[in-house]
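Keep the viewer open as you read.

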Amino acid sequence: MRKLTGAVLATLLSSTLVSAGPVDDELVINDETEIVTRTAAPAHVADVLDEVMSGWLFRGTETRAMEMDDFDNPGMIFVEQAEEQWNTADGSEGKSCADCHGASTEMAGVRPVYPKYNEEAGEVRTLEMQVNDCRENRMGAEKWKYTGGDMVNMTALLASVSRGMPVDIAIDGPAQSTWEQGKDLYYTRTGLLELSCANCHEDNYGNMIRADHLSQGQINGFPTYRLKNTKLNAVHSRFKGCVRDTRAETFSPGSPEFVALELYVGSRGNGLSVEGPSVRN
């Protein structure tokens, strides 16, 4: 069984470390959309992982069941709200998302490749950055808060129309330097606990600390509805919370650091299916 670092053991004091590996189960949404929840690790992480696994496999029976039916998935309420927003004109140009892109279903295939390098902008962009670019420069509308309700709802809609499609994030070419920055952040110990992302999600996935079942930290299911705070959560909100839990000063959502980290972490899940909005604890 993998061992926790001394720093974590010292922090947990009398807490016990219990092995509780991922379940051997299959995720099919609405009895029709098959989700790949485990597959061979992509080449760029094959030296540390044999296979990559969705966080769905690390949840309890009831939580897993909620994601298998849209009627039971509370995240779908916010997808419906975003669908209305998609078809509503906003901004000085009097345009809606649908005016340029058609039905939201026409966006199938977008979520699996983000973050991605934008040649015109000369930078790696997340889906949130691209949404705000459209709002500001095509619609003449105000940008949404990076992890605000409107934004997380819209990214959940864009994820939902790509469910079942494989994550395929490009990390070569002009995106490589950003990917390398994200990798450095993933393996850098931070905070009073001196923990890196890898300490939990690479070295100790499958183990339980108190009531927390550690997954591989894959983000193919984001945005995710968390039972803990009863709302949809953006991936940068989760990054912020994880860094905070190491007792370190964290970065802001949408910061270059978190964009780089999302590119790297997202690429670790290449081959898994998009499953957002997922349901997690």
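On a 1 Å grid over the protein atoms alone, a cavity is a set of points where a 1.4 Å probe fits but cannot get out, and its lining residues have an atom within 4 Å of a point. Grid points are joined across faces, edges and corners, and a volume is the space filled by probe spheres set on the points. Keep in mind that this is a predicted model: local features need pLDDT of at least 70, side-chain atom pairs count only at pLDDT 80 or more, and totals for chains, interfaces and linings use all residues. Residues are numbered from 1 along each chain as its sequence is written, and side-chain values use heavy atoms, with hydrogens and water left out.

So what's in there? There are 2 cavities of 30 Å³ or more. The largest holds about 130 Å³ of space, and its lining includes R111, Y114, F222 and E262.

Now the cysteines. A disulfide here is a pair of cysteine sulfur atoms within 2.5 Å, and the whole structure has 0 of them. Take C97: its closest cysteine sulfur, in C134, is 7.5 Å away, too far for a bond.

Terms used: 1 Å grid on protein atoms, 1.4 Å probe; cavity = no way out; pocket = protein on both sides within 12 Å on 5 of 7 lines; lining within 4 Å.
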